[in-house]
Amino acid sequence: MSYVIEAPKAVSLPVEGETAAFPVRRIYCVGRNYADHAREMGHDPDREPPFFFQKPADAIVPSGSTIPFPVATKDLHHEIELVVAIGSGGRNISVDNALKHVYGYGVGLDMTRRDLQGEAKKMGRPWEMGKGFDQSAPCTALKKASVIGHPAAGAIWLKVNGEVRQKGDLNQHIWNTPETISYLSDLVELFPGDIIMMGTPAGVGPCFPGDRLEGHVDGVGDLTVAYLK
Ligand code: MN
């Protein structure tokens, strides 16, 4: 195929133990999937059905990067999350079958321009520009489920400049990985290359130019990203 303008570059994530990469099609994010985070955002953590939003695939930033501080925000927040990478697609996937569709796992940041998100909420407008901005999805290399299994428990934390800001456990997800895949596949058809950011524990807060963020999920990996001064 030839194109009339330069075609966009494919987005991918490295896979530990493989020379080939995982091509990223879409980034789905689950909102308010930890009760303590739902509470800190002013919501009732009762088990409402999960809800989803997207980031563009090219928002991915490889772990280890130093990147410019995002434009148009005075309140950039960190949200450390488990990343689920879909290896085989489908629609109306049952909870019992859901994990068969997972290729692997990573550690990601759902960076959020909280001021823009808050304004959008107040105005009844989409969150898009608060969530789906350039370089808003730093992510580690994936680890294959065939190697590490399917983590359902384990510490998840985030440090800013060496200080712990967020701390939780994967077992605190309101909707676990199979349930989330099943719900999402009732709303949209999932395809190989889709990734799901599984929501963040409490402790979200602001980052500033020059900050260094380190995130961790037990058995899955360690993420680092720094913002230019
Ligand atoms: Mn999030």
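**Close-up views of salt bridges and a manganese site**

**View 1. Asp110 and Lys131.** The side chains of Asp110 and Lys131 form a salt bridge with an N to O distance of 2.9 Å (a salt bridge is a side-chain nitrogen of Lys or Arg within 4 Å of a carboxyl oxygen of Asp or Glu). Asp110 sits in the loop between strand 9 and strand 10 and Lys131 in helix 3 (residues 128-131), so the pair ties together parts that are 21 residues apart in sequence (helices, H or I of at least four residues, and strands, E of at least two, are DSSP runs numbered from the N terminus). Asp110 is buried at 1% relative accessibility, and Lys131 is buried at 2% (buried means under 20% relative accessible area, exposed over 50%, partly exposed in between, with a 1.4 Å probe and protein chains only). This is a predicted model: local features need pLDDT of at least 70, side-chain atom pairs count only at pLDDT 80 or more, and totals for chains, interfaces and linings use all residues. Residues are numbered from 1 along each chain as its sequence is written, and side-chain values use heavy atoms, leaving out hydrogens and water.

**View 2. The manganese ion.** Glu79 (OE), Glu81 (OE) and Asp110 (OD) are the protein donors, lying 2.1 Å from the ion (donors are N, O and S atoms within 2.8 Å of the metal, or 3.2 Å for Na, K and Ca; water is not among the atoms, so sites may look incomplete). A network of salt bridges links Lys55, Glu79, Asp110, Arg114 and Lys131.

**View 3. Arg25 and Asp194.** In this salt bridge the closest N and O atoms are 2.9 Å apart. Arg25 is partly exposed, at 31%, whereas Asp194 is buried, at 0%.
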